[in-house]
Amino acid sequence: MAIVEVKVPQLSESVAEATLLQWKKKAGEAVAVDEILIEIETDKVVLECPAPAGGVLVEIVQGDGATVTADQVIAKIDTEAVAGAAAPAAAAAPAAVAAAPAVAAAPASDSKAGVAMPAAAKLLADNNLSASAVAGTGKDGRITKGDVLAAAAAPKAPAAAAIPTGAPTKVLPQVAVATPDLGDRPEERVPMTRLRARIAERLLQSQSTNAILTTFNEVNMAPVMDLRKKFQDAFTKEHGTKLGFMSFFVKAAVHALKKYPVLNASVDGNDIVYHGYFDIGIAVGSPRGLVVPILRNADQMSFADIEKKIAEFGKKAQDGKLGIEEMTGGTFSISNGGTFGSMLSTPIINPPQSAILGVHATKDRAVVENGQIVIRPMNYLAMSYDHRIIDGREAVLGLVAMKDALEDPSRLLFDI
């Protein structure tokens, strides 16, 4: 027997632990080298854990939902075993005890009957239920959230009163235990993912540590739209990607940050750190929550570079493939709520940055030009800033600089 250990990949310095999601293989099954065995969720990204060698997965040391650390052994592969041969008793996957300590471990076999899924395990603990008391209807007999909710709603037998050791025996009156009748108003309790918990933590940190104020302005997007329409076909043919709006917003933001460097700065204790580079965070929605990958040295990127990188970020976010290094750092952020139809919002600063630009939906609106009411495609911009180091003057003038650059994109060519 030649055993190879499967270990948790290296995590970033800021990530202490991670959570195992769901094993893609069962104990006793054959695996190929580099085949993905399980995905591991941190508070920033989801990492894939490949098989370090081919063979048979003879033991799963840590089950679904377990909390693990870097280099921890989570499974073992026998490189000389043959799939289908009898596996040792230790090859059974334990129940997700990390998610709910009260859940009993699964029996030593490949069967998952009695094993609670991570969300179900939390519900079991919340309702003081044992896994053995709930019939699982999931794959291989696993216990699902629906199974736990059904068990919690079912009538329960009266609980026997606990009698202290040595106390005289006394028959206590039985009282019926009330159980909630969900009826047509069901509820579902699901633990936050690590990413969602991290987002919540950072948003609260931002609100509690920054003196957040938001300034607004409106932008006539007609010049940008006309420019895109004129060069879209040639741009796509030359660069293999479409010319979108975000590259204009990124360029306009960098243009303003150069004029007013404090917007690109951050607070470190009692010091103001002025950054001589422009790393722009782009807020991207993903199935797991909001992530903010970084455009490094955005001032040195062309329109095509920016569009390609944003498209790459969007694809990786949807597939859960963004790396930790792609979301670390950043000196300024842009959030485009207009993608979802937002008219106006007050974005929250992404610490340790000191400002963030909120972009919204472009709509035809009635505006006054030279005393006449005309229809123009207007976009409302909102910039939230940390008033501890950014005064209203710099914030307002910075947003005006972005407005001017968008309403006359030629300014970007001449840096004026």
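The largest pocket holds about 1200 Å³ of space, where a pocket is an open set of points on a 1 Å grid over the protein atoms alone, reached by a 1.4 Å probe, with protein on both sides within 12 Å along at least five of seven lines. Its volume is the space filled by probe spheres set on the points, which are joined across faces, edges and corners. It is lined by 47 residues, and those closest to its centre are Ala283, Val284, Leu290, Val291 and Val292; a lining residue has an atom within 4 Å of a point. The model is a predicted one, in which local features need pLDDT of at least 70 and side-chain atom pairs count only at pLDDT 80 or more, while totals for chains, interfaces and linings use all residues. Residues are numbered from 1 along each chain as its sequence is written, and side-chain values use heavy atoms, with hydrogens and water left out.

Helix H3 (194-209) and strands S12 (280-282), S13 (284-286) and S14 (289-291) are among the elements that give two or more residues to this lining. H3 gives the most, with 6 residues. Helices (H or I, at least four residues) and strands (E, at least two) are DSSP runs numbered from the N terminus. By class, the lining has 22 nonpolar, 19 polar and 6 charged residues, with Ala, Val, Leu, Ile, Met, Phe, Trp, Tyr, Cys and Pro taken as nonpolar, Asp, Glu, Lys and Arg as charged, and the others, Gly among them, as polar.

Turning to the sheet, 4 strands form an open arrangement in the order S1-S8-S6-S3, with antiparallel pairing. S1 and S8 (residues 73-78) are joined by 5 bridges, and valine 6 stands opposite alanine 75 in S8. Between S6 and S8 there are 4 bridges, with valine 56 opposite aspartate 78. S3 and S6 (residues 55-60) pair over 2 bridges, and the partner of valine 31 is glycine 55.

Lysine 251 lies in helix H5 (residues 246-259). This lysine counts as buried because its relative accessibility is 18%, the cut-off being under 20% relative accessible area, with exposed over 50% and partly exposed in between (1.4 Å probe, protein chains only). Beyond its neighbours within four places in sequence, lysine 251 is in contact (heavy atoms within 4.5 Å) with Ala298, Asp299, Met301, Ser302, Phe303, Ile306 and Leu412.

Methods
Two strands pair if DSSP finds at least two bridges between them.
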